[in-house]
Amino acid sequence: MPDTEIKDHKVKVWDLPTRIFHWSLVALVMIGLITGFLSPEWWMGVHLWAGYGTVLLVIFRLVWGIFGSEYSRLETFTFTPREVIAHIREVFFLRPTHYIGHNPAGALMIFALIFILVGITLSGLLVLGGEENQGPLAGAANYQVGDLAAGIHSTLTVILMALIVFHVFGVFTEIRLSGENLIKSMIDGYKRVPDSIKPPTHRDARPLAAITAMTGFAMISGSLLWAFSTMPPSGLLKMTENEDFQTECGDCHEVYHPSLLPRASWTSMMASLDDHFGEDASLPPKTAIAITAYLSAHAAEEWDTEAANRFRNVSPEAPIQISATPYWVRKHNEVDADIFKRKGVGGKSHCKSCHQDAASGRFDDQNIKIPKE
Amino acid sequence: MKMLSLAIALSTVLSATLGANTAQANPARDAIVAAFAAQAKAENPSFAGFSAAAGNTLFNSTHSGGKPDTPSCTSCHGTTPFATGETRAGKVIEPMAVSKNPGRYTDTEKVDKWFFRNCRSVLGRECTAQEKGDYLTYMISQ
């Protein structure tokens, strides 16, 4: 056998579940980053699935870190700070000790990545519930919490990207120093181990225990989230339709949701109907009073949706124009000017041409559908 | 007496049947026109009835004095009384001609509201009873 010539032997280091975990995580994190940073808003649904998938993978990895085969177990790559520092020093002098599984620096990276991913997915869930009023925490998290979580979510994402760069850098450093193709190892599971190093007694995976633990964890966290999800979404009013509002306003234009402007804007709009965006839209006083009361009772201040929170801040120059609010302008700057000219859109005053849930005031990202022509 | 009520019933049925085609007779609408006539007479003692031709001119002319975006009725209401129009905010406006839209001009409050608004938007002032009557007479004839 030619193998006798070589002073190394092959050891199966990464079991199949660990390898599948690794590359699935790569894919989901990529999808999460792309849909989070680059894709238009209506890819939110995909972003969410990438997030939920990541949660499952991280949970799996922690469970597999207990019940997986030898080198997948967390204890085999849990090092003391002293060991980590010693290893980094060795790497610095280009003479690192050989580790069969993760080396101390790599191990630290694994824990850091898992920690950050837990933070990103949890904060993401809070953004979803708080800002978007969706997901299991729609009732539990208000907009303010969601807004705070959004800051954390993006900060952690920047840290994640830095960690990914370090992780890849670390992998290539070790490839250079050891000559071991770590990328191939993460595909076929094998690593070359010098004969001088005696592998520890191999402990096999315990799939049944892992499945039981996964199921138990899924049931506990699932029912916890389910319990939260039974809370009605926070900050949505029960609104009875007002016939005057629907017919009088709807005769000339799309009926805008009352949550889209603050009370002061509605009041001043209703007091200046004789010059309503360049037209006389006067109403009999009785009707005008009724509509003003209805709008005031359901104005942006009364809601905790993303739209209501954003549109409370109106343009000082045009306080009664929704499409002049700073948030509206900023969000729609991303939209090509030609799109507003499409027949199916009909201009900036036609929210529901693209926002299919405009009538509810929710304006979910997933419900944006821009007409093709 | 019996003959009379029979005649009324007959004529009601008849006018309802024919009404589908001639379309113009409607008690509520007639009352609205009559009210404008009474008002016009009060405003101008030499009032000599309404004119569909004058209504046509009012509808089709370009006016000044109103809001810059709406110089004419036809700015929003299609180019003819039979065409659909569109508000500046993109809502479809059904044709103004009574033959096309028999429900038009039968609700006093609605008629008053729209004359008030649209005359001010287009002309920059409220319309006179004469103008309103001319306009209705024109649309009823269409």
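**View 1. Where domain 1 of chain A meets domain 2 of chain A in this predicted model.** Twelve residues of domain 1 touch eleven residues of domain 2 in chain A, contact meaning heavy atoms within 4.5 Å. The domain assignment places domain 1 at 2–229 and domain 2 at 243–367 of chain A; such bounds come from an automatic or database domain assignment. Taken over C-alpha atoms, the centres of these two domains of chain A are 46 Å apart. Together the two domains of chain A bury about 1,100 Å², with 35% of it on carbon and sulfur atoms; buried area is the accessible area (1.4 Å probe) that two parts lose on being put together, summed over both. If you are picking side chains to look at, Glu41(A), Glu132(A) and Tyr143(A) supply 51% of the area that domain 1 of chain A buries against domain 2 of chain A, more than any other three residues.

A note on reading these views: local features need pLDDT of at least 70 and side-chain atom pairs count only at pLDDT 80 or more, while totals for chains, interfaces and linings use all residues. Residues are numbered from 1 along each chain as its sequence is written, chains are lettered from A and ligands numbered from 1 in the order in which they are written, and side-chain values use heavy atoms, with hydrogens and water left out.

**View 2. The interface of chain A with chain B.** Here 18 residues of chain A are in contact with 13 residues of chain B. Between them, the two chains bury about 1,400 Å², 44% of it on carbon and sulfur atoms. Look for Cys252(A), Glu279(A) and Asp280(A), which supply 37% of the area that chain A buries against chain B, more than any other three residues.

**View 3. Helix H1 of chain A beside helix H2 of chain A.** The axes of H1(A) and H2(A) (residues 44–67) come within 9 Å and cross at roughly 150 degrees; axes are lines fitted to C-alpha atoms, for helices over the stretch in contact, and angles run from 0 to 180 degrees between N-to-C directions. Helices (H or I, at least four residues) are DSSP runs, numbered from the N terminus. H1(A) and H2(A) are therefore roughly antiparallel, a term for angles over 145 degrees. Among the contact residues are Phe21(A) and Leu28(A) of H1(A), and Leu57(A) and Trp64(A) of H2(A).

Terms used. Helix = DSSP H or I, 4+ residues; strand = E, 2+ residues; numbered from the N terminus. Parallel < 35°, antiparallel > 145°, perpendicular 65-115°, else oblique.
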